Amino acid sequence: PGSLDIEWFRADSDSKGTWFRVRLGRRIASPKGRVTAMGQEPMEKLLRTDFYTFNIDVYIDTDRITGSGRMDTLPGRKVGIAPEGAWEKAVVLTPRPQVARAYYLMELEKQAEDQLRADRGRVTREEIDAMRSRVEADLDAQVLFPERIRVRGREVHFFVPSGFLGGQARTEWGYSVMVTGCDIEGIARVVDITAGRPFNLMVIPVGPGLNRDRFGLVNEANLDQPPIVDIVASSVAEQQRVLSDYDPRVPRLAAIPPISPSGMPPAAAPAGQLANRTPAGPAVAAVPPVTGSGAVGGPAAAAPPPVQSGGNRDPGAAVPVPETTGRRTVPARLKTLNTLRSDGLISEDEYQQLRRKILSEI
């Protein structure tokens, strides 16, 4: 209890960027002395960080215009972001940042190639290479997996350079923050490869029974609820309302609202102007914005003061985004996989599992 509960979230200015800081309800577990489920290898061989049990996503609305930006989240979260917090930048803390980025990039490239082939039919190698360059550039401009990380007791600090945010974090921006359990090996599990499940970026899912690879439901319960353990919200009641505001029949995802430490509300979109970069698939629930009224007091500063979290694990639900079909250039994917193995970022078991998956798509 408390291992994945946020007590506070804050951002502090640095001469070269911003340190995001999160305090959890319990001392952060270290991977030292632990082994992986697959291959029983020491976790320290695969992890360049001193934590392994959680991911923390921070979706940042920098323009503060309702609906202007993205309202999706990374794969496996099974929630959206409220229009009032439509984001331009995402910072995703995970124990395996380089691996997470590589896997996510491969998935985005596969989706882009599927779309390219659907639109044009036959495509050239040059068109595939140009597509891959665009996808990688877009990813690097929008999503950062921090590698400069410090773990101290119950706190984890992660650095975001000014070049990514366009400066230091600001109090008037909106921040949608969520915590998920991290499955550091789940990407390569045979069951996920053979079952045709939607892509999941290192998130422990919700499922029936009591097993180490899921948040178990021992009684009849909603298996569609998102695997979000905690969010930053103004109160426990607000967190409960947000995570339970969904409808699997529509389908409509639960939508995480932003917190603005300054209390600044978002501006309305210009009349007649539709939001851009909104995700395809299920519509996102319209949730009223939450301002900084529930935040810990203190004067406005160059970086947001602490914001109180909204409590413990609460029920909610979402509908998975349908997985894409098709294939992308096999040599490029195998090259990425070989690089991850040669750099010691994935184990031999992970390499073989993913290699078989890639070759099965030929």
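Which residues touch the most other members of the largest nonpolar core? They are Tyr103, Phe145, Met178, Ile231 and Ile256, in a core of 46 residues. This is a predicted model, in which local features need pLDDT of at least 70 and side-chain atom pairs count only at pLDDT 80 or more, while totals for chains, interfaces and linings use all residues. Residues are numbered from 1 along each chain as its sequence is written, and side-chain values use heavy atoms, without hydrogens and water.

**Chain overview**
- The chain holds 8 helices and 16 strands (DSSP runs of H or I with at least four residues, and of E with at least two, numbered from the N terminus).
- Of its 362 residues, 51% are buried (under 20% relative accessible area, 1.4 Å probe, protein chains only).
- Among contacts (heavy atoms within 4.5 Å) with a separation of 6 or more, 73% link residues 24 or more positions apart.

**Nonpolar cores**
- A nonpolar core joins buried Ala, Val, Leu, Ile, Met, Phe, Trp, Tyr and Cys residues through side-chain atoms within 4.5 Å.
- To the largest core, α2 gives the most, with 8 residues.
- Beyond its neighbours within four places in sequence, Met178 contacts residues including Asn55, Tyr59, Arg77, Ile231 and Ile256.
- A second, separate core has 33 residues, among them Phe20, Leu165, Leu217 and Ile259.

**Sheet**
- Five strands form an open sheet with mixed pairing, in the order β6-β5-β3-β9-β12; strands pair if DSSP finds at least two bridges between them.
- At the edges, β6 (143-144) and β12 each pair on one side only.
- The parallel strands β5 and β6 are joined by 2 bridges, and Ala90 stands opposite Val143 in β6.

Key. Buried < 20%, exposed > 50% of the residue type's maximum accessible area, 1.4 Å probe, protein only.
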